[in-house]
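Hi everyone, thanks for making time for this. I'd like to walk you through one structure today, so please have it open in your viewer.

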Amino acid sequence: MSFGRAGKNDYLCTLIQKSLNMSLSREISHAAQLIREGKVVAFPTETVYGLGANALNAMAVARIFELKERPSFDPLIVHIADRTELNRLTTSNDPRIDLLAEAFWPGPLTIILPKSDLIPDIVTSGLETVGIRMPANEIARALISEAGCPIAAPSANKFGQLSPTLAQHVAKQLPDVDFILDGGQADVGIESTIISLNVKGFEILRHGVITREELEKIIPFHALPDAEKMNIVSPGMLKSHYSPEKPLYILEKETAVPADRQRVGILSFKGEDTDGYAHVEVLSHTGDLKTCAVNLFAAIHRLEEADIDCIVAQAVPETGVGLAVMDKLRKAAYRYL
Ligand code: TXA
Ligand code: MG
């Protein structure tokens, strides 16, 4: 058989692609098998990597808490690949769920709903509600489908530490996990928006890339104050979270920039005012807030590994996705205030 130059390359590319797909599908099958056996598997989602176990197996879920050193009062999100799963996981038939699912699933939106008895209490930390989401990442959905059960998964990091957007981040923090399914870089980069529904509309319990404005287009009658003011129990709202091991300080308008920058790294919004810092990470050269969200955790991971003593972060505008980015930065900085 003979090939033209381009044809031969195309053929080789297809072969390489096929063998990569084959090995990925074998890895997904292996991971699904482990989930069925009650093991814990880290897997990619479009937001961050998750640390997953069969959501209907209390012992398997207990191992997530153990590996992550997560306090048992902090409930897990249940991931599904098929909307019909809602029928057995929640007791609600609120028509707004369908509207939201139609608009945002698969995707980075978690909806808190009344739970059915099928879900063990350990998943929800004893709450009567459960957070459910259908991830957009195809590897994640293939894993859930093949495992044949909903997968409970927090972000695959030690409790309170930085969230992982690469398989390597998981390996560093959780070397004892049974298997890591490597799906490359998470494309959204920050965790899902979490909302709960109530009589008047919805409340945002955690900001993410799906914004209030986008949600209001689907559920317009939103009239309640933010959850923060209502003292709702959602540990995603803890003041300190996503903490890097090195001190992180936010440079807001009134903050003086450090004069001696030799041992300081900067997390820069657009790459401006970065002269003299020992390590520079730019979130988005064009100032695009979604790009900032995608790059946020990976950039902080690199700063953590750089030879510096502390990190300063430039504030980003608090509009749209910028709200979620600043929320993460404030939580990362809180420990060091
Ligand atoms: O994007 C994401 O949501 C990622 C990926 C892996 O799906 N998951 C994630 O999980 O961020 P985790 O456990 O790191 O954060 C879930 C947050 C927690 O802060 C938890 O308190 C809150 O969701 N949560 C879960 N179930 C809840 C419930 N029933 N009521 C209120 N908050 C809940
Ligand atoms: Mg987390």
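This is a predicted model: local features need pLDDT of at least 70, side-chain atom pairs count only at pLDDT 80 or more; totals for chains, interfaces and linings use all residues.

Let me begin with a question: in which loop does Pro106 lie? Pro106 lies in the loop between helix 4 (95-104) and strand 4 (109-114).

Ser125 is not a glycine, yet its phi is positive, about 55 degrees. You'll find Ser125 in the loop between helix 5 (121-124) and strand 5 (129-133). With a relative accessibility of 23%, Ser125 counts as partly exposed, because it falls between the 20% and 50% cut-offs. Then there is Asp273, another residue other than glycine with a positive phi, near 55 degrees. Asp273 sits in the loop between strand 11 (264-268) and strand 12 (279-282). Its relative accessible area is 64%, which is over 50%, so Asp273 is exposed.

Nine strands form an open sheet with mixed pairing, in the order 7-1-2-6-3-5-4-8-9. At its edges are strand 7 (179-180) and strand 9 (202-206), each pairing on one side only. Further in, strand 3 (residues 77-79) and strand 6 (residues 151-153) run antiparallel and are joined by three bridges. If you zoom in on that pair, Val78 stands opposite Ala152 in strand 6.

Next, a buried histidine. His301 belongs to helix 10 (residues 289-305). Its relative accessible area is 4%, under the 20% cut-off, so His301 is buried. Leaving out residues up to four places away in sequence, His301 touches Leu162, Ser163, Pro164, His169 and Gln173.

What about the cysteines? Cys149 is buried at 7% relative accessible area, and Cys292 is buried too, at 0%. The structure holds zero disulfides.

How many cavities of 30 Å³ or more does a search of the whole structure find? The search finds one, and the largest cavity holds about 30 Å³. Its lining is made up of His207, Gly208, Ile210, Thr211, Arg212, Gly320, Leu323 and Ala324. By type, that lining divides into three nonpolar residues, four polar and one charged.

That's my tour, and I'm happy to go back to any of these spots.

Technical notes: Residues are numbered from 1 along each chain as its sequence is written. Chains are lettered from A and ligands numbered from 1 in the order in which they are written. Side-chain values use heavy atoms; hydrogens and water are left out. Helices (H or I, at least four residues) and strands (E, at least two) are DSSP runs, numbered from the N terminus. Buried means under 20% relative accessible area, exposed over 50%, partly exposed in between (1.4 Å probe, protein chains only). Contact means heavy atoms within 4.5 Å. Two strands pair if DSSP finds at least two bridges between them. A disulfide is a pair of cysteine sulfur atoms within 2.5 Å. On a 1 Å grid over the protein atoms alone, a cavity is a set of points where a 1.4 Å probe fits but cannot get out, and a pocket is an open set with protein on both sides within 12 Å along at least five of seven lines; lining residues have an atom within 4 Å of a point. Grid points are joined across faces, edges and corners, and a volume is the space filled by probe spheres set on the points. Ala, Val, Leu, Ile, Met, Phe, Trp, Tyr, Cys and Pro count as nonpolar, Asp, Glu, Lys and Arg as charged, and the others, Gly among them, as polar.
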